[in-house]
Amino acid sequence: MFRTNPMLLIDFYKAVHAEMLPKNITKSVSYFTPRMSRVKMWDKVVMFGLQGFIKTYLIDYFNEEFFNKDFDEVIGEYRRIMDATLGKDAYRIEKIEKLHKLGYLPIEIVALPEGAMVPMHVPMFGITNTNPDFAWLPQSLESLISAESWHPMLAATVGYTYRQIVNRYYEKTCDDNIEKARALGAFDFRGEECTESAIKAGAGWCLSFLNTATVPTIPYLEQNYNCDCTKEPVAFGSPSTEHSVMCSNYAVDGDEATLIRRLLTEIYPNTSFSAVLDSYDYWNIIENVLPTLKKEILEHNGCMLMRGDSGDCIEVVTKTVFKLWDIFGGTTNSKGYKVLDSHVKAIYGDSITIQRCEEIYRILEENGFACSNVALGVGSFSMQCVEEEGILKPFTRDTFSSCIKATYCEIGDNPVPIFKNPKEGGFKKSQKGCCVVWKEDGQFVFKDGFTWDEAVNAEKNCLETVFKDGKIIKEWSLNEVRQTLHGGEF
């Protein structure tokens, strides 16, 4: 992981704003808000990732790379970079020196609960200074907070969207004891922007599902969301082949049946696993090879998942279920839908968009099959963009126009509400003054126009203090976040 002085984790102009602020300013307040949605199916976004950011950056990173380092080293590095790139006369070093000598971040953050579904325009969290000498600091942290916040929230919203599809079809076609959280898995690690991005996207996904291929997501959640994979279900992986395995064995044996038999009887006699079967001729394996291995499959103490990895995923998955039924049979569940013999299942780990997921379930339902006959994987495509009405919409910070805007300051002891209201950009209008957020008919709503003291002392304000003066004040466990998001029905 790249490490540097955290006061350099800024856009250049943040280094000079302290001197531009009103004289005698003693307090500033800013709010992080989703201002609009560019995806029609979404009018809310999942509040998630702030706690991980606070622990990772505002506590650990700042302590290790700033407060706990030698004064001369920290200030010298800041001065070296700024002198050479911004100019000696463009900024003042005194504020950075003063912050280091203080020894902690004089910041307070108030936030909605992690896992909350937040409508557009409602502030998700606010940030202010707790020491009158550091009114410049909240907005100085804007670039870092924004860069670290929008992606986990988007990934959590993606996961939640898939979970709603699962809930709807499982409730109709599957026995009630079939676990919805195991229906889909994430396979996006290699396609994310970087390792850090993959880990946080995986964490957002795991608010709605237990299956992921991204191993480091688990220690990330343990470190930041008070969970333990040895004591509770944080996330699970599964054994699976890949093309290098299938092709190398084929090169040696001249067939694919040899490896499949070995997987069933020698390597995983008591473990479920998936095997990718389309390295050469997928339907030949399904229609001609599997029947020759029927004895080994039915005697296997586990489930073999048949994985296609090319072609029309909707056709491949649904047709596989139909053919597995013809070969292996199964039972009918309490809701009247067919369930494959427990030794076999279909899986597809690529190209499962939101629309394709729903279409696969619809076809299975219409043909009398429980949707639990398939396991679906969501890759990097669906974690990074969505297709609506034939238009591909990549996910960025601007998917929800998420931003941090200053809305209030105090000059001496005098409260001053501030706001922006561009004539040509209505959605960019900010709040004015400090905000109170509460629930009305199950939905978050807000009102602005308050002083800081009025807002934080308001009886119904759901924005609670979660961080103050270098210490975390309020924490959420992974289980609490999941239950908040899913109304206690994770």
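Bear in mind that this is a predicted model. Start by selecting helix α6 (residues 142-173) and helix α14 (residues 354-366): their axes come within 10 Å and cross at roughly 5°. An angle under 35 degrees counts as roughly parallel, so that is how α6 and α14 lie to each other.

Now show the side chains where these helices touch. On the α6 side, pick out T161, Y162, I165, V166, R168, Y169, Y170, K172 and T173; on the α14 side they meet I354, C357, E358, Y361, R362 and E365. Colour the residues of this contact by type and you get 8 nonpolar, 2 polar and 5 charged.

Stay on α14 and zoom in on C357, one of the contact residues. Is C357 buried or exposed? Buried, with a relative accessible area of 0%.

Next, the cysteines. How many disulfides does the structure hold? The count is 0. For C357, the nearest cysteine sulfur belongs to C371 and is 8.6 Å away. Jump to C194: its closest cysteine sulfur, in C385, is 17 Å off, too far for a bond, because a disulfide needs the two sulfurs within 2.5 Å. C194 is partly exposed, at 40% relative accessible area.

Last stop: C227, in the loop between α8 (217-224) and α9 (243-253). With 9% relative accessibility, C227 counts as buried. Show its surroundings and, leaving out residues up to four places away in sequence, you'll find C227 touching L221, E222, E232, V234 and L478. Finally, draw a C-alpha to C-alpha distance from C227 to W205: they are 16 Å apart in space and 22 residues apart in sequence.

Conventions: Residues numbered from 1 in each chain as written. Predicted model: local features only at pLDDT ≥ 70, side-chain atom pairs only at ≥ 80, totals over all residues. Heavy atoms only, no water. Buried < 20%, exposed > 50% of the residue type's maximum accessible area, 1.4 Å probe, protein only. Helix = DSSP H or I, 4+ residues; strand = E, 2+ residues; numbered from the N terminus. Contact = heavy atoms within 4.5 Å. Axes fitted to C-alpha atoms, helices over the stretch in contact; angles between N-to-C directions. Parallel < 35°, antiparallel > 145°, perpendicular 65-115°, else oblique. Nonpolar A, V, L, I, M, F, W, Y, C, P; charged D, E, K, R; others polar.
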